[in-house]
Amino acid sequence: MLYNIIILPIETIVSWIFNFSLVKLSFIRVMGAVCAVSLAINFLALPLYNIADSLQAKERKIAKALEYRVKRIKKAFKGDEQFMMLSEYYRQNNYHPLYVLRSSLSILIEIPFFIAAYHFLSHNQALIGSSFWIFRDLGAPDKLIRFSINGTLFYINILPVLMTLINFISRAVYLKECPAREKIQLYGIAIIFLVLLYNSPSGLVIYWILNNLFSLVKNIVLKTQNPGKFVYYFFSALLGLTSAALIIRGDLNTKKIVFILFSIFVISLHFISRLSNIKETAKKLYRFTPPHNSNLSLLLISGTGLTLLAGLVLPANSISTSPIEFSFLGNTDSPLSYIVNSIFTFSGFFIFWPVAIYKMFGEKLKKLLPFVFFNIFIIALLNVFLFKYNYGNINIAFELERTGVLRNFKIFFTIIPLIVFLLMFLLSYLLVDKKSILHILAFSLCLAEVSYGLHKTLYIKKAYKDYISLDNRKKEADRTKILPIYKLSKTDKNVVVLFIDRAINSYFPKIMEQFPELVNSFSGFIYYPNTVSYSTNTFQAYPAMTGGYEYTLENLKRDKRLLRDKFAEASLVQPKLFSDAGWNVTMSDIVKPDSYADDIGTYKCLSSKNYVKANSIYNEFYSKKHGIVSGVSSKDADKICKREIINFSVLQMLYPPVRITFYNNMTNHAGTSIGDFINNASTLDLLCELTDFSSEKPSYIFIENELTHSPTELDDSFLLPGNKSSTNHLSYYPNDVYDQRHYDVNVCTYKLISNWISFLKENNVYDNTRIIIVSDHGRDLNVPCFNDDSLKKEKAYFHPVLLFKDFNSNKELAQDNSFMTNADTLFLAKQNLGLSDKNPFTGKSFEQDKKNGVNIFMSYRDEYMGDGMREKSSFTLLKEIGFFVHDDIFQKENWEEAK
């Protein structure tokens, strides 16, 4: 458990920084995330290294001052007499020989940071297959130099050698005036690092090279006359250049403006200080410490309270809601092990490292740190129990069913907490002189946490024992029969629109090539590669896809009604057309313009009998069918649970508006959506069970599914969550992990759809059924088209899939290179069926307005969120974020600035 206490807190922080960089700064990709981790960890550890350096310098100075007499004593005396003389000499000078260990303090500090980074990066799946510059795979040794001797191939890894050279240079600068013993020690450690990291992944070695460069720069800066001023000027220049670049680039938003104003403030400090007494004011603020009675005991009690809250109360509270669900996961049987793991980890966060820092630093921090920790403890309790969200259902990966609960930005969760926190801070400051009050309050809260946590833990223990005695884990509950919700006709015509959110167009031919058994399944279909969408997100691209060209972005802008009303109207154009013509209409899981609303109130003319919800309803059936435990493959379930239960505890203690940022950008939910995958895969996997042929009238069915919107690493079958052992048998597979996850879920989607198509064929309903498979937009991926284009990722965003199978079409899968948009879906669905040629809501005639080309637009700022549609009447359309596209979209010259 020492690993949990000392190393795991650092590794957890490393994972937060890495995930944040990957998601929030996606343009820098994996290598940028490695750089961000290196910079962040070095700056976090810098105060500790500075303390260690000062202690080392102090040790060297004392040792040098005593050196002459020590040599005289050793020369003049031997044996016990020498020992007694040295002991007396050291006593007179307030020195002890063990103080020499202080010279190794920086190494001792470096070890836990090294182990944490090594463990995280050496096992990080994001590095595997990711490339950077001349390094083809950051998850493997670089092997840059290759040569053959007698037919045997040998490799030399350059990065570890470069790392050692930089390390030597850094040590040379640092050890210039140090004794030989210390030089040998540190150079020896550099050699050890070379041996340890020689065959390590390139990404890990690059991380350590960056650390060595940081150390080199730090040592050079410390040698300057005024290191503080040097650092200030350096960061001022960096902030100034970044701000200038943002201003020149334009497209400023609130965050960028705040950054620019902050930069101006920092740069101005030097000039303001010359005109005022700001330096003296800053010194007074720096000297601020609460009264003297804040001490180590308050730090320990507050840290213990935070440990009990995050490690005992919150995990026990989550697990107690369903103890059986957390039992027998992976190689872990008892759910109590997750609580024990959390307690040890958070004791490192809130006890071990704070106490270590307390002991290393001076009196000012020793007075301030306990006071700060007491306030953090109280604020965390308030956030957990007062300013709490209704998180709803969560699985063992602690994924929220709907992240919308984290977007509650009402005054109660934004302004009120800040006021309460300020009042608590002031009150605690007033009481800090009353030593006993803060201690008693913190201790009482700790006792309450222990009582609550033990109550929950005993309940979990009892439920687990009862579960074992009944052997329920071996007994499968009776499976309730799935009732069909999609009713097709065996005699009349059927039209089915499968809307697959964010399906990637150019993946389809690669999937057909690699899985030839699917080609026969898609017989009768026409694939349209030359297709564009009108935007890069659902809320802007969906209206035209469902309602036709009348609902393009430009036409929506001309209509002064609220976006939510226009969106809902566009969604119902097809259902209304078919319904008015006497067809049975069914719509499932339609996209709602109010973003996270569960009701269909906006769809005023959509009867509840025409709407069904399938997403997430059939997860239990799907999981049983494939042997999946609570949405996570059983192989890794316990590892994921141990990691994410820590993240979920931290999330609950955070200031409410920050929680959504933490969940989306710093946990692993950002990289892989296991919960979303299960929600959507279950409905496609069970399409056969959900479909019957009982309709007595022609049937129109619209099915919305987001499986391709849930990028997840799948196993070799491309059907279940898990780790792939190999993809060598595939002729095409993306290099980037992010792209790989998208490709995996696209493969899975077509495999599941092909099963349903085979089901229709077996029941003789395929010929009288027209099927359209369409997506609203693509994604900024390294897709296997637009390869020679600098704008390939932007273009991939506008590249939705479009597949069409008409009645009585049984020919081989064909390709049509006609210029198409996904707004053609309406015309493909209604052609030759005798339906009205006018919009049933506006009375306007349907027109395919694409002959001369179309204007399409990237998303602007955060307009991809649906919440604003309740208040806005149009999206922002700027020609600089738009394109005019026509004819063959794979020709560069056919993409121009929007007109």
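Predicted model: local features only at pLDDT ≥ 70, side-chain atom pairs only at ≥ 80, totals over all residues.

Modeller: Helices (H or I, at least four residues) and strands (E, at least two) are DSSP runs, numbered from the N terminus. Residues are numbered from 1 along each chain as its sequence is written, and side-chain values use heavy atoms, with hydrogens and water left out.

N832 is not a glycine, yet its phi is positive, at about 60°. N832 counts as exposed because its relative accessible area is 70%, where exposed means over 50%, buried under 20% and partly exposed in between, for a 1.4 Å probe and protein chains only.

R502, also not a glycine, has a positive phi of about 65°, and it sits in the loop between β4 (494–500) and α16 (507–514). With a relative accessible area of 7%, R502 is buried.

T769 belongs to strand β11, which covers residues 769–774, and it counts as buried because its relative accessibility is 0%. Its side chain comes to 2.6 Å from the backbone oxygen of V765. If neighbours within four places in sequence are left aside, T769 is in contact (heavy atoms within 4.5 Å) with N494, V496, K805, D806 and F807.

Key: Polar contact = N/O pair within 3.5 Å; in protein donor to acceptor, adjacent residues only side chain to side chain.
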